[in-house]
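Work through the exercises below with the model open. Try each task before reading its solution.

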Amino acid sequence: MSLFNRLIVSSLPAIPKPIVGWVASRYIAGAHLENAIQVTRNLNAQGILTTIDLLGEDVTNRSQAISAREGCKEVLNAIARERMGANLSLKLTELGLKIDKGFCEDNLRQVLDLAREKKNFVRIDMEDHTCTDATIEIYRSTRKDFENVGVAIQAYLRRSESDVSELVKQKANIRLCKGIYVEPESIAFKTKDEIRENFLKLLRMMLEGGCYVGIATHDDFLIAGARRLTSELRIDRDRFEFQTLLGVKPSMRQMLLRDGFRVRVYVPFGREWYPYCVRRLKENPEIASHVLKSILTRDNVK
């Protein structure tokens, strides 16, 4: 970590919450479901899909997990009621993964059951490496009974090639991203070139294996590589989509949309926005400089 980034991270507790909120408002819809609905409506009007995420993870008791489960159901009901082009993303530690694996899976199944009733889809996000095995195991278990569930894979993990080899056997719906958590070099690629190379290798495996892929990146090199690869393999555009984060490179997603690609934006919301922001900075201090840049050059485009 650079001295500059270390200073920013160490000073986080001293930064007034309203200032953090002012910066975060570009990347987080707001504290309430109504905020996520409004952001989704605006994006849908531009022809852009969304995936809505109720913030909260690493819950420590069952009541918190049950509350999160019911919150996820509220999101699904709102999407159906408002007839929005959106689905749901969630983290398993929010549903109690670190409390009890069986309890977590039961909560997920309840969410998936409602999603199926509403003809919608649920994406299981990937968390740090301590959750990878359990996340994939729960995905495989629920996939036997639900077709409306997908999982995420992080390209910087060395194990991901093996994981993808197994997932393509199920024709899994996969969100492919680089990965954000700081992991040991023994289990994760560290250089930009290594991560990019593995990302495109995994993408080829997924596409050749018949998977639907959410190509989640803001890296121009990877977007160009993905476009070349899907063209080379003659992959129909209804078999993949590009995914971006709210507030990040809106001009890039507009370019993809103009070129006829399906685009989906990740829309997080919830009262847990502040610990989410602080946790993300601590997990990946390299983004501290990007936060400072946002403060200095902030615009209102989401």
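## Exercise 1: A loop arginine

Arg-234 is found in the loop between α9 and β7. The model is predicted.

Solution. 
- Most residues other than glycine have a negative phi.

## Exercise 2: Another positive phi

Task: find where Arg-83 lies, give its phi, and classify its accessibility.

Solution. 
- Arg-83 lies in the loop between α4 (62-82) and β2 (86-90).
- Step two: read the backbone. Phi of Arg-83 is near 55°, a positive value, and the residue is not glycine.
- Step three: classify. Arg-83 has 78% relative accessibility and therefore counts as exposed.

## Exercise 3: Two helices

Task: work out how the axes of α9 and α10 are oriented to each other, and which residues meet.

Solution. 
- Step one: take the geometry. The axes of helix α9 (residues 220-232) and helix α10 (residues 250-258) come within 12 Å and cross at roughly 10°.
- Step two: apply the cut-off. Angles under 35 degrees count as roughly parallel. α9 and α10 are therefore roughly parallel to each other.
- Step three: list the contact. From α9 come Asp-220, Ile-223 and Arg-227; from α10 come Met-252, Met-255 and Leu-256.
- Step four: sort by class. The contact of α9 with α10 has four nonpolar and two charged residues, and no polar ones.

## Exercise 4: A phenylalanine cluster

Task: the structure holds four aromatic pairs. Trace the ring pairs that link Phe-240, Phe-242 and Phe-261.

Solution. 
- Phe-240 and Phe-242 form an edge-to-face pair, 6.0 Å centre to centre, with 90° between the planes.
- Step two: check burial. Phe-240 has 2% relative accessibility, so Phe-240 counts as buried. Phe-242 is buried too, with a relative accessible area of 1%.
- Step three: move on to the next pair. Phe-242 and Phe-261 are also edge-to-face, 5.3 Å centre to centre and 90° between the planes.
- Step four: locate both partners. Phe-242 is in strand β7 (residues 240-245), and Phe-261 is in the loop between α10 and β8 (263-269). They are 19 residues apart, and the pair links distant parts of the chain.
- Step five: join the pairs. Phe-240, Phe-242 and Phe-261 are linked into a cluster.

## Exercise 5: Arginines over rings

Task: which ring face does Arg-237 lie over, and which does Arg-62 lie over?

Solution. 
- Step one: Arg-237 lies over the face of Phe-261, at 3.9 Å from the ring centre. Phe-261 is buried.
- Step two: Arg-62 lies over the face of Phe-103, at 4.4 Å from the ring centre.

## Exercise 6: The surroundings of Arg-159

Task: locate Arg-159, classify its accessibility, and name residues it touches.

Solution. 
- Step one: Arg-159 lies in the loop between β4 (149-154) and α7 (160-167).
- Step two: Arg-159 has a relative accessible area of 29% and is partly exposed.
- Step three: leave out residues up to four places away in sequence. Arg-159 then touches Thr-132, Asp-133 and Ile-136.
- Step four: compare chain and space. Arg-159 and Ile-187 are 28 residues apart along the chain, and their C-alpha atoms are separated by 7.2 Å.

Terms used: Residues numbered from 1 in each chain as written. Predicted model: local features only at pLDDT ≥ 70, side-chain atom pairs only at ≥ 80, totals over all residues. Heavy atoms only, no water. Axes fitted to C-alpha atoms, helices over the stretch in contact; angles between N-to-C directions. Helix = DSSP H or I, 4+ residues; strand = E, 2+ residues; numbered from the N terminus. Parallel < 35°, antiparallel > 145°, perpendicular 65-115°, else oblique. Contact = heavy atoms within 4.5 Å. Nonpolar A, V, L, I, M, F, W, Y, C, P; charged D, E, K, R; others polar. Phe/Tyr/Trp six-rings, centres within 6.5 Å; stacked < 30°, edge-to-face > 60°. Buried < 20%, exposed > 50% of the residue type's maximum accessible area, 1.4 Å probe, protein only. Lys NZ or Arg CZ within 6 Å of the ring centre and 35° of its normal.
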